[in-house]
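This report is written for a reader who is meeting the structure for the first time. Please keep the sequence and the model in view while reading.

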Amino acid sequence: MGQELAGKVAIVTGGAGGIGRATVELFVREGAKVVIADVDVAAGEQLAASLGAQALFRRTDVAIADEVQELVDVAVESFGGLDIMFNNAGISCAMFDRFLDDELADFHRVMGVNLLGVMLGSQRAGRYMARHGGGSIINNASIAAHNAGFALMSYRASKAGVVHFSKSIAIDLAEYGIRVNCLLPGHIVTELNSFAEPGSSPELAQRLQQALDPVWLSNQPLKRRGRPQDVAEAALYLASDRSAQVTGIVLPVDGGITAGDPVNHLNEIMKTRARVLEG
Ligand SMILES: NC(=O)c1ccc[n+]([C@@H]2O[C@H](COP(=O)([O-])OP(=O)(O)OC[C@H]3O[C@@H](n4cnc5c(N)ncnc54)[C@H](O)[C@@H]3O)[C@@H](O)[C@H]2O)c1
């Protein structure tokens, strides 16, 4: 067991599930004290209980400024400071809706959690860190910030906002010794990235997953399913002193999706070219 984060205090928003949960578990293993912030009380309390004295749960809606301020206060009061803020909580929007059918309420909901939530977490943690020698802020965006494309318009826009916001405040906060970096997860198997209908059986969810896996992987150079732990490892690097000279970066954890055209696309072009040349 390493101790990359020994003596550090971290907050992980959306820490009760998926990527957040994997990060909480890794940060605790690496010696940090961690406040788990989430709206899912049952999952958050259960996770905190399983981790003992190094973790505590605080119900927090990241889109509500007062709750985010209380979250920062709880970390400082309970664990004596705040060194790492992982603004990870995020939600998706109606996946298959066309833009002209988008509901205004859906747009506000997605922007509220994904962009306002990141802004509030960065500002409230940043105010504390600026007075106490600095820290590391990590904001979870998505490859959807990099790749414009069909569907998920509000989600894509919110995540693009997170990237630009993070780079801008990285410059603004550098004089306080606060580093700000962004993660771009690709396809990571979690609740958020699932095609299962709400309330569907585990069997149906598994069948959908099996059928859709090859489709997901078709635009990904590394033919391996992304796991929450993959993103947690990148968050650990940005949280630890190993990245002391790193601020304002955008780090994809995506199996190469944002690198460019995948080989199967190029193969199709080459096969088509050969067909035409052969007459
Ligand atoms: N899973 C992926 O493929 C993927 C890809 C790119 C980016 N991401 C991003 O990674 C982050 C985590 O996603 P995940 O896949 O682990 O999702 P998830 O749904 O498994 O977990 C998200 C957690 O956030 C919590 N949450 C939701 N709204 C909240 C709020 N208002 N305040 C506090 N907590 C809230 C949920 O209760 C849940 O525990 C998100 O920002 C997401 O956009 C995920």
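Helices (H or I, at least four residues) and strands (E, at least two) are DSSP runs, numbered from the N terminus. By this rule, D106 belongs to helix α4. The model is a predicted one: local features need pLDDT of at least 70, side-chain atom pairs count only at pLDDT 80 or more, and totals for chains, interfaces and linings use all residues. Residues are numbered from 1 along each chain as its sequence is written, and side-chain values use heavy atoms, with hydrogens and water left out.

A residue is called buried under 20% relative accessible area, exposed over 50%, and partly exposed in between (1.4 Å probe, protein chains only). D106 has a relative accessible area of 13% and is therefore buried. Contact means heavy atoms within 4.5 Å. With its neighbours within four places in sequence left aside, D106 is in contact with C93 and A94. Between D106 and R275 there are 169 residues in sequence and 47 Å in space, taken from C-alpha to C-alpha.

**The ligand and its shell**

A residue is near a molecule or strand if one of its heavy atoms lies within 4 Å of it. The ligand is surrounded by 29 residues, and the closest are I19, D38, N88, Y155 and T190. For the classes used here, Ala, Val, Leu, Ile, Met, Phe, Trp, Tyr, Cys and Pro count as nonpolar, Asp, Glu, Lys and Arg as charged, and the others, Gly among them, as polar. The shell around the ligand holds twelve nonpolar, twelve polar and five charged residues.

A polar contact is a pair of N or O atoms within 3.5 Å; within protein, one must be able to donate a hydrogen and the other to accept it, and residues adjacent in sequence count only if both atoms are side-chain atoms.

| Residue and its atom | Ligand atom and distance |
|---|---|
| D61, polar side-chain atom | nitrogen, 2.9 Å |
| I188, backbone N or O atom | oxygen, 2.9 Å |
| N193, polar side-chain atom | oxygen, 2.9 Å |

Taken alone, the ligand exposes 830 Å², of which the protein buries 91%. Accessible areas come from the Shrake-Rupley method with a 1.4 Å probe; for residues, only the protein chains shown count as cover.

The buried residues of α6 include Y155, K159, V162, V163, I169 and L173. Packed against the buried residues of α6 are α4 (104-131), β5, α5 (143-146), β6 and β7.

A151 lies in the loop between α5 and α6, and L152 is found in that loop too. A151 has a positive phi of about 70° although it is not a glycine. L152, likewise a residue other than glycine, has a positive phi near 55°. A151 is buried because its relative accessible area is 10%, and L152 counts as buried at 15% relative accessibility.

Among the buried residues are P228, V231, L236 and L238. Their cover includes α1, β4 (84-87), β5 (135-140), β6 (178-185) and β7 (250-253).

D230 is found in α8, which covers residues 228-239. With a relative accessible area of 17%, D230 is buried. The side chains of D230 and R224 are joined by a polar contact of 3.1 Å. Apart from neighbours within four places in sequence, D230 is in contact with R224, R225 and V253.

Q220 is placed in the loop between α7 (202-217) and α8. Q220 counts as buried because its relative accessibility is 3%. A polar atom of the Q220 side chain lies 2.7 Å from the backbone oxygen of R224. Not counting residues up to four places away in sequence, Q220 touches H187, D254, G255 and I257.
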